[in-house]
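Let's take a walk through this structure together, one part at a time. Keep the 3D view open as you read.

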Amino acid sequence: MNEFKRFAPELWDLFGKHLLREGSDEQHEDSKVSKQIKFLEACHTDSAQEFLAHIDQIVESVCTDNNIRKPTIGTEELVVESKLCESQFFTSPQNLQQKIWDTFKDIPNETAIDGGFWGYVVYNMIQKGHIKPSYLAATINRDGNGHHNITEALKADKKASKLVKKQGKGSDEATDDQLSVKIAKHHQAIDKCVRRILRSLCNPAPRGKRIIFNDFPLGKSFWRWKWADKMSQERSLGLDSQEILTIFDATSYGDFSAKMHTGRSYISSPNIFGGLLLFLKATKSGKKALAQLVKKELVNIIDHISYLSAWKALEAQPFEKNRDDIQIIFDSLQANANTESPAVE
Amino acid sequence: MPDYLALDFPVLREDTADFKGGIAYTVTATRQDETLMVTHTLTGQSYISRLIKDGKAKFSAQLFYKKSSERKHRFADSHSTNGLEITATQAIPLDFSYPPDVTGNIVILSQEKITNDAESGLDDFWADVKKFTIPEFARIAYHAKLSFSSDALQQLIKLVCKETLAPGKMQTLVNETADEGTCPVKLVCSQDVYDELKQATPEIQNNPKTDRHATRLAILTQALCATYAHMQNIKLPDEQINGSLLKHLEMLSEDWRGENFNPSLAATEIQPYILSKLQKESSDE
């Protein structure tokens, strides 16, 4: 069986670090900023050829410096076969989510958690003209936002350069210090934009592996459908994947994934997650006000589940019993909230 | 060990005094190709050994695959008895290419009323309690988590020498909202400590070759403990926390925001004290 094509793990991690200010690397600050600006400029052109050529350059440099012989592994390429606008890439609508799932549903687990795989998918999508490079810098669901963000970061560089020229020119030490603070702020703005692009490339250097699940656009969609598919296979749970996707909507997924894909991941255990899904299903079919209350309390509920699982083996307890325990948690939270709220006159 | 909850029934774990001497629960885990071999051992006579022999409690392994944050659970199907020792071995196929963290415990399968008699194995602490009820699926014994992996510290910690500090002193300063790209943890050291730590390799090594190397790593363990203790009290959302620090905390086997998180245990899981090296005579580097 062919392996899916991806960036080599050791390369992909170093790729991100090559572009980021890391640790106490202050003496190399200028060269780091210079690298970041070149990266942003290549992205700003929105030319796939230019941007990918720049990425290839960085890849070659990292491989040479670190004795990495093969930058990519595998041969079978996967890509979402749709041309997307920026807002579609940033927030996948329903029909696109289905397409993402259909494209990637058969990849093995090891591939699904590999940032280098997803990074190569995005590289491929840019190469085929399905997305533009500037989409990677988007921070909100609005077309053109990515390009605007890069423009602002490049402006920050120009401002920083002007301030650097002012430093040490007859000004006193205090003024020089003030200038340094302003320069650092501009450099931070540049760094932030680069980090955003790296996260959209599913590079773990900025914030770790969690981005695959809850920051990287394609990953967010994929993993929500993957959890739904996984739980639909628990026959005794009695929920199909569409029902679970309705319960486990995109907003709820944000709360889930913040807890699920971290150390506080007790809810990733099938019996516990199943119980939570049954509880949410029951509240959704009830009054709207109740469903809204539950949604508001979801993070608290998950925290209390984690607390409960310290002494009780919820992962071994059947779905229905977990549902009942979660109902007790919710009722208790509501009782406490009502006790603490001042009486309405 | 983490702080345990105040429960209405006695729980067997390493740091509690609920049980008499000679009663212990241990777990080992080894990897054999694509299989994880987990062995549970319960020694001594206690209400727990009675429940296991009667089929009312089972050994269980919780698996945590760090990279995907997925949790699995497996009961041991059978056990064997040899005098006062009960053992169970689980052969668990790996779900991923890397081994998970393993937490062993003993779980009761249905609610039970236990009589505190001469064979319960309980210490004087429980002398006044004649009977106690244990809820269904309660964990009645725990073992410390077993981890297979470790990670690097160089993005996390910056060494700073403060010449005015008296020899042997070190201060750990944590700035959880440090700008991205800067080290969130500063170790402000006296000259002698600084000189030693500068020679410590950035990667964690669990098998230092010399006692001096072990000493350097022990100092880093202390710094990690202070860092985790500081973060335990921080209530900021993830988005406001420095990325390097967050990335490091994510790889801890215990949830650093959890009620039972113990900073010193977490630090020694990342960077264990290798006392054999400190105690043996060995040549300097």
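## A four-stranded sheet in chain B

In this predicted model, chain B has an open sheet whose four strands come in the order E1-E2-E6-E5, with antiparallel pairing. Look for strand E1 (24-32) and strand E5 (80-82) of chain B at the edges, where each one pairs on one side only. If you ignore direction, neighbouring strands of this sheet are turned by 20° against each other on average.

E5(B) is joined to strand E6 (residues 85-93) of chain B by three bridges, and the two run antiparallel. To see how they line up, find B:Ser80, which stands opposite B:Thr87 in E6(B).

## Another open sheet in chain B

Chain B also has an open sheet of four strands in the order E4-E3-E7-E10, and its pairing is antiparallel.

One pair to look for here is B:Phe64 with its bridge partner B:Asp101 in E7(B).

E3(B) is also joined to E4(B), this time by six bridges, again running antiparallel. Here B:Ser60 has B:Phe75 in E4(B) as its bridge partner. The hairpin of E3(B) and E4(B) has four residues between the strands, and in it B:Ser69 takes a positive phi near 50°.

## Where the two chains meet

How many residues does each chain bring to the contact? Chain A brings 46 residues and chain B brings 45 residues. Between them, the chains bury about 3,800 Å², with 49% of that on carbon and sulfur atoms. Three residues of chain A stand out: A:Arg207, A:Trp311 and A:Glu315 supply 17% of the area that chain A buries against chain B, more than any other three residues.

There are polar links here too. Across the interface of chain A and chain B, 12 residue pairs are in polar contact. Several helices of chain A take part: helix H1 (9-19), helix H6 (109-112), helix H9 (173-200) and helix H11 (217-232) each supply at least two residues of the side that touches chain B. Sorted by class, that side of chain A has 17 nonpolar, 13 polar and 16 charged residues.

## Salt bridges between and within chains

The count of salt bridges between chain A and chain B is three. In one of these, the side chains of A:Lys230 and B:Glu70 meet at 3.0 Å, N to O.

Over all chains, the structure holds 24 salt bridges. Among them is the one that A:Asp114 forms with A:Arg6, where the closest N and O atoms are 2.8 Å apart. This pair links distant parts of the chain, 108 residues apart: A:Asp114 sits in the loop between H6 and helix H7 (115-127) of chain A, while A:Arg6 belongs to strand E1 (residues 6-7) of chain A.

Conventions: Residues are numbered from 1 along each chain as its sequence is written. Chains are lettered from A and ligands numbered from 1 in the order in which they are written. This is a predicted model: local features need pLDDT of at least 70, side-chain atom pairs count only at pLDDT 80 or more; totals for chains, interfaces and linings use all residues. Side-chain values use heavy atoms; hydrogens and water are left out. Two strands pair if DSSP finds at least two bridges between them. Contact means heavy atoms within 4.5 Å. Buried area is the accessible area (1.4 Å probe) that two parts lose on being put together, summed over both. A salt bridge is a side-chain nitrogen of Lys or Arg within 4 Å of a carboxyl oxygen of Asp or Glu. A polar contact is a pair of N or O atoms within 3.5 Å; within protein, one must be able to donate a hydrogen and the other to accept it, and residues adjacent in sequence count only if both atoms are side-chain atoms. Ala, Val, Leu, Ile, Met, Phe, Trp, Tyr, Cys and Pro count as nonpolar, Asp, Glu, Lys and Arg as charged, and the others, Gly among them, as polar. Axes are lines fitted to C-alpha atoms, for helices over the stretch in contact, and angles run from 0 to 180 degrees between N-to-C directions.
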